[in-house]
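Have the sequence and the 3D view open as you read.

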Amino acid sequence: MSDSVADKYPNYSPGLEGVIAGISSISDIDSDRSSLQYRGYDVHDLAEKGSYEECAYLLLYGKLPTQAELTGFKSVLASEREVPDYIYDILSAMPKTTHPMDLVRTAYSALAPSDPDYTKPSTDHDANVRKAVRIVAKASTIVGNGHRIRQGLAPLKPKAEHGIAENFLYLFSGEEPKAKTVQVMDASLCLYAEHGFNASTFANRVTVATLSDLYSGVVTGIGTLRGPLHGGANEEAMHMILEIGEPSKAQAWIDDAIANKKKIMGFGHREYKKGDSRAFYMSKVAKELGVEAGNTKYGEIADILEKTMAERKGIFPNVDFPSAYAYYLLGIPIDLYTPLFVVARLAGYTAHAIEQLDNNRLIRPKAIYDGPTNLTYVAIEDRQ
Ligand SMILES: CC(C)(COP(=O)(O)OP(=O)(O)OC[C@H]1O[C@@H](n2cnc3c(N)ncnc32)[C@H](O)[C@@H]1OP(=O)(O)O)[C@@H](O)C(=O)NCCC(=O)NCCS
């Protein structure tokens, strides 16, 4: 904010930075410690020792599941994983050049009326939880089969024994994925599952707070996530790494980018000014993948960018940066990175929508009017 705007409007915070816009018990970001907890549990414990399904259960039901509860939850997810054929017809009718984020956003919009709880009031907590489970269950099928459809391939039937990560990997490739690939994908979904009042989650809460429904909230969230300042950063980060190409070119590239005040995608964060712990974790995983694949160059490029950005700008990578080259090493097409973020974040969106609707108040902030007032209306024929 320029000094004059700050002086004129001292109570205004551009981008709502630092503004408290709600009370939530879903996740806690500790900026000083660069830590993230889901309902009191460190996200790294969940990613390393748990599974995405456990994270989703925790976010939706507020507690870690027992073994029996987790088994039951997984079997409900498996039974809800398929999508109606008309969704595939809609996706097939869209241009083959459609970005997969638009496919997944459209699919959720079209799915709403086929939910068995479609006509239930938006404040019906139990119906909302059932909707949330269906929304979470279908995402990996939509993204995996959406990818097949745009390639002109027929959708595959999801397998009941697959988890959410495995279901996506199987549908998108048509092959049984390796255990390590499933493990990395599952951990990344845990890390992406929830993140407080970020732009898309907040947008999703604004939508449901009008007493609209969970599907509308999710569609809002996906649309908001798509931009490169938010979820779209993982795709942009990979394009940037590929543009750099070789570790030997990385230093000159980043020097030039800094000199030209270029924004480095996958770096910086509104909440984490000392680093994003999810990025530390994903960097480790991505580097391990590189060693296993005999391709360490992306990790080497990343090291040069990270060191230079930290030293010269005091800016650190966010989770999108290492996730980008981890996904690349797993063979995932770049334009599926943000849709994978959706697969994960739907647990967060729906948990927030339920929390909002359980204790709802319309979200309606004010703006400072900074334009002319009390002008005299001039008839159209007399205007210059
Ligand atoms: C995430 C992001 C939008 C946070 O923005 P913010 O809190 O509004 O912070 P600002 O954009 O105001 O940045 C503050 C300063 O750091 C700089 N900065 C922030 N992120 C930067 C980046 N990725 N590359 C270069 N400079 C960056 C800004 O240019 C600004 O510098 P200035 O004060 O000299 O103008 C921002 O860091 C960004 O655009 N990052 C790249 C996109 C990205 O990775 N998004 C995913 C987030 S999970």
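## α5 against α6

In this predicted model, helix α5 (residues 85-93) and α6 have axes that come within 10 Å and cross at roughly 140°. That angle makes α5 oblique to α6. The crossing of α5 past α6 is right-handed.

On the α5 side, the contact uses Y86, I87, I90 and L91. On the α6 side, these meet L103, T106, A107, A110 and L111. By class, the contact has eight nonpolar residues, one polar and no charged.

How many cavities of 30 Å³ or more does the structure hold? There is one. The largest cavity has a volume of about 50 Å³. Its lining consists of P100, L103, V104, I142, V143, G146, H147, L336 and P339.

Two helices, α6 (100-111) and α7 (125-150), each give at least two residues to this lining. The largest share, four residues, comes from α7. By class, the lining divides into seven nonpolar, two polar and no charged residues.

## α7 against α8

α7 also packs on helix α8 (residues 164-173), at an angle of about 15° and with the axes 7 Å apart. Angles under 35 degrees count as roughly parallel. The two helices are therefore roughly parallel to each other. Their crossing is right-handed.

From α7, the contact takes in V136, S140, T141, V143, G144, N145, H147 and R148. The contact residues comprise six nonpolar, seven polar and one charged.

## α9 against α14

How are α9 and α14 oriented, roughly parallel or roughly antiparallel? Helix α9 (residues 179-192) and helix α14 (residues 277-293) pack at an angle of about 165°, and their axes lie 11 Å apart. The cut-off for roughly antiparallel is over 145 degrees. α9 and α14 are therefore roughly antiparallel to each other. The crossing here is left-handed.

The α9 residues in the contact are K180, V184, A187, S188 and L191. Their partners in α14 are R278, Y281, M282, V285, E288, L289 and E292. The classes are seven nonpolar, one polar and four charged.

## The largest pocket

About 1600 Å³ of space lies in the largest pocket. Its lining has 49 residues. Which of them lie nearest the centre? They are F197, N198, H269, R270 and E271.

β1 (27-30), α10 (199-208), α15 (297-313) and α17 (337-358) each supply at least two lining residues. By class, the pocket lining has 20 nonpolar, 16 polar and 13 charged residues. The lining of the largest cavity, by contrast, has no charged residues.

Notes:
Residues are numbered from 1 along each chain as its sequence is written. This is a predicted model: local features need pLDDT of at least 70, side-chain atom pairs count only at pLDDT 80 or more; totals for chains, interfaces and linings use all residues. Side-chain values use heavy atoms; hydrogens and water are left out. On a 1 Å grid over the protein atoms alone, a cavity is a set of points where a 1.4 Å probe fits but cannot get out, and a pocket is an open set with protein on both sides within 12 Å along at least five of seven lines; lining residues have an atom within 4 Å of a point. Grid points are joined across faces, edges and corners, and a volume is the space filled by probe spheres set on the points. Ala, Val, Leu, Ile, Met, Phe, Trp, Tyr, Cys and Pro count as nonpolar, Asp, Glu, Lys and Arg as charged, and the others, Gly among them, as polar. Axes are lines fitted to C-alpha atoms, for helices over the stretch in contact, and angles run from 0 to 180 degrees between N-to-C directions. Angles under 35 degrees count as roughly parallel, over 145 as roughly antiparallel, 65 to 115 as roughly perpendicular and the rest as oblique. A crossing is left-handed if the near helix is turned anticlockwise from the far one by less than a right angle, and right-handed if clockwise. Contact means heavy atoms within 4.5 Å.
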